Amino acid sequence: MSEIRPRFRTIDGLSIRYAESDMPRAREALLLSPWPESLYAYDAIWSKLARHAHLTAVDLPGFGHSELREDLLSPTAMGDFIVRVADEFGLEKPHVVGPDIGTPAALFAAARHPERFETLVVGTGGTAVPLNLGSPLKDWVLDEDLSPYRAMSAKAAVTAAIGGIHGYELPDVVREDYLAAYTGQRFADQLPYVRAYPAELPVLGELLPRLETPVQILAGRNDAVVPPENAEYLDLHLPNSKLDLIDVGHFAWEEGADAYADVVTRWWEAN
């Protein structure tokens, strides 16, 4: 039985799904959903993280079970929305955990809103310039013809993606939530977010050397979707960062749950 209990709140006119841990803590953490999953991606590490911080997890707008709005489907716009989310929940200076699509958004948020976040934990998201992505993400970003993706069942796309999770059996409630989040054309409708990478990642690259928020970079050493060179790129360009690669693939928070949670909680305790 999962400890995650999702609810909905209207933020900036959008229905946003979120979940909070039960116990109040002095430390606050804002957890951002990866793609094509949902806030249930944190199921395997929820109880461990909740011992160290009060958790607020959100499905980013357009992803998971949150409402989509086209103008938010880019890392820069999503970064600004993350700040609105923190404001909505009264999180004065939270730690942010933003794997996958949350990585460039969290970095933009911290760069454009200095002093707003205590620390970031990022990784497994495209950041490197020039673009360095593996299959199938590179195709999703660069293919000129999107008609095959519109013809493809969203559930089929998600099933294929989560079929790449190795060494971890998704609980039924988590798998069902992932599949329920992606129906109709929803997967194809989300593609503009990652298709903004070629234009936006060079802008982010220019901001990184001036980003003073402490950043823990955490990724899978064997990630074939977003190669670890993206994590190494961040560590090279950020002035206040720490890099940890763990021996798993792309879905590091599930495949290497114990190691992932250990790195995150040690980072929080050190900052």
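Before sorting any lining, I noted the classes: Ala, Val, Leu, Ile, Met, Phe, Trp, Tyr, Cys and Pro count as nonpolar, Asp, Glu, Lys and Arg as charged, and the others, Gly among them, as polar. This is a predicted model, where local features need pLDDT of at least 70 and side-chain atom pairs count only at pLDDT 80 or more, while totals for chains, interfaces and linings use all residues. Residues are numbered from 1 along each chain as its sequence is written, and side-chain values use heavy atoms, with hydrogens and water left out.

**Entry 1: the largest pocket.** I looked up its volume (the space filled by probe spheres set on grid points joined across faces, edges and corners) and found about 370 Å³. A pocket here is an open set of points on a 1 Å grid over the protein atoms alone, where a 1.4 Å probe fits, with protein on both sides within 12 Å along at least five of seven lines; lining residues have an atom within 4 Å of a point. I read off 27 lining residues, with Pro136, Ala161, Val225, His250 and Phe251 nearest the centre. By class, the lining holds 16 nonpolar, 8 polar and 3 charged residues. H6 gives the largest share of this lining, 3 residues; helices are DSSP runs (H or I, at least four residues), numbered from the N terminus.

**Entry 2: the second largest pocket.** I noted a volume of about 160 Å³. Its lining has 14 residues, and Pro114, Glu115, Glu212, Thr213 and Pro214 are the closest to its centre. I sorted that lining into 6 nonpolar, 3 polar and 5 charged residues.

How values were computed: Helix = DSSP H or I, 4+ residues; strand = E, 2+ residues; numbered from the N terminus.
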